[in-house]
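Subject: Structure for you to look at

Hello,

Here is the structure I said I would pass on. Please open it before reading the notes below.

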Amino acid sequence: MDFSSKLLENAVNEVSRLPGIGKRTALRLVLHLLKQPSDNTKFLSEALLHLRNDVKNCEKCHNISDTALCDICNNVKRKPEIVCVVEDIRDVMAIESTSQFNGLYHVLGGKISPIEGIGPQNLKIESLVKKVESGEVKELIFALSSTMEGDTTNFYIFKQIEKFDITTSTIARGISVGDELEYADEVTLGRSIVNRIPFEQSIRG
């Protein structure tokens with residue numbers, strides 16, 4: 001791809017680094033920005049800079065937040081004794097959109113994947129075990145994607161907490177095996193949360 005401007009080329013190269021964005025799509029986005037009023041580009045740049053510099057992780061659930069505790073953890077109407085374990089913020093957003101879950105979350109920040117060099121020590125598993133150990137959690141819902149990595153992560157956490165007096169469940173298999181949680185439709189995902197099954201049963205299955 002030949003560029004008439006080095007500035008244009010640099011911008012396209014940076015945008016194309018984003019997931020799912022190829023060079024042609026990046027060029028279309030950059031040319032669109034060039035046609036917009038300069039204030040629009042300024043607002044976008046400032047929003048991204050503020051996001052990068054000021055965003056926090058909730059001290060309790062590790063969700064992305066503007067404050068020390070996220071809005072979900074601060075909500076007194078939520079049930080703190082029920083915790084849903086998810087991979088990242090996209091899964092929190094997907095489950096919240098169903099309006100079928102009123103507990104709290106624990107965001108691991110990924111899944112165990114030896115191929116990608118991600119082990120238990122790279123995830124927020126230790127803090128989850130401490131929550132269970134403290135007795136504040138009565139039920140843990142495993143809501144990771146039904147992939148090999150997700151199942152491996154679920155089983156690892158289960159083995160870490162099985163000695164404690166806690167109920168463990170997993171979302172019902174309304175979500176197809178291999179599907180990522182964030183792409184499930186709201187109705188199916190909502191039913192999967194409501195109709196969750198004991199984790200031990202999912203292992204036997």
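Helices and strands here are DSSP runs, and they are numbered from the N terminus. A helix needs at least four residues and a strand at least two. The model is a predicted one.

By that count, the protein chain has nine helices and seven strands. The chain holds 205 residues, of which 36% are buried. If you take the contacts between residues at least 6 apart in sequence, 56% of them join residues at least 24 apart.

**The second largest pocket**

Helix 1 (6-15), helix 2 (23-35) and helix 3 each give at least two residues to the lining. Which helix gives the most to this lining? Helix 3 does, with four residues. The residues to look for are Glu-14, Val-15, Leu-18, Leu-29, His-32, Leu-33, Thr-41, Leu-44, Ser-45 and Leu-48. By type, six of the lining residues are nonpolar, three are polar and one is charged.

**The largest pocket**

The volume of the largest pocket is about 310 Å³. It is lined by 15 residues, and those closest to its centre are Val-55, Lys-56, Asn-57, His-62 and Ile-64. Helix 3 (38-54) contributes here too, with at least two lining residues, and so does strand 1 (56-57). The lining comprises six nonpolar, five polar and four charged residues.

**The cavity**

The search also gave one cavity of 30 Å³ or more. The space in this largest cavity is about 30 Å³. Strand 3 and strand 4 are the elements that give two or more residues to its lining. The lining residues are Lys-60, Pro-80, Val-83, Leu-104, Tyr-105, Lys-131 and Glu-136. Four of them are nonpolar and three are charged, with no polar residue.

**The aromatic pair**

Tyr-105, from the cavity lining, turns up again here. How many aromatic pairs does a search of the whole structure find? It finds one. The pair is formed by Phe-101 and Tyr-105, with 5.2 Å from centre to centre and 65° between the planes. The pair is classed as edge-to-face, because the angle between the planes is over 60 degrees. Are the two residues buried or exposed? Phe-101 has a relative accessibility of 8%, so it counts as buried. Tyr-105, at 2%, counts as buried as well.

**Helix 6**

Helix 6 spans residues 126-134, and its buried residues are Leu-128, Val-129, Lys-131 and Val-132. Why are these four on the same side of the helix? They cover an arc of only 155° around the axis, and therefore lie on one side of helix 6.

What do the buried residues of helix 6 pack against? They pack against strand 3 (79-86), strand 4 (103-107), strand 5 (139-142) and helix 7 (148-161). One of the buried residues, Lys-131, also belongs to the lining of the cavity described above. After helix 6 comes Gly-135, whose phi is positive, near 90°.

Apart from neighbours within four places in sequence, Val-129 is in contact with Gln-160, Ile-161 and Phe-164. Val-129 and Ile-157 are 28 residues apart in sequence, and their C-alpha atoms are 7.9 Å apart in space.

**Arg-196**

Where does Arg-196 lie? It is in the loop between helix 8 (186-194) and strand 7 (197-198). Its relative accessible area is 27%, so Arg-196 is partly exposed. Between the C-alpha atoms of Arg-196 and Phe-142 there are 9.3 Å, although the two residues are 54 apart along the chain.

Regards

How values were computed
Residues are numbered from 1 along each chain as its sequence is written. This is a predicted model: local features need pLDDT of at least 70, side-chain atom pairs count only at pLDDT 80 or more; totals for chains, interfaces and linings use all residues. Side-chain values use heavy atoms; hydrogens and water are left out. Buried means under 20% relative accessible area, exposed over 50%, partly exposed in between (1.4 Å probe, protein chains only). The arc is that of the directions from the helix axis to the C-beta atoms. Contact means heavy atoms within 4.5 Å. On a 1 Å grid over the protein atoms alone, a cavity is a set of points where a 1.4 Å probe fits but cannot get out, and a pocket is an open set with protein on both sides within 12 Å along at least five of seven lines; lining residues have an atom within 4 Å of a point. Grid points are joined across faces, edges and corners, and a volume is the space filled by probe spheres set on the points. Ala, Val, Leu, Ile, Met, Phe, Trp, Tyr, Cys and Pro count as nonpolar, Asp, Glu, Lys and Arg as charged, and the others, Gly among them, as polar. Rings of Phe, Tyr and Trp (its six-membered ring) pair if their centres lie within 6.5 Å; planes under 30 degrees apart count as stacked, over 60 as edge-to-face and the rest as tilted.
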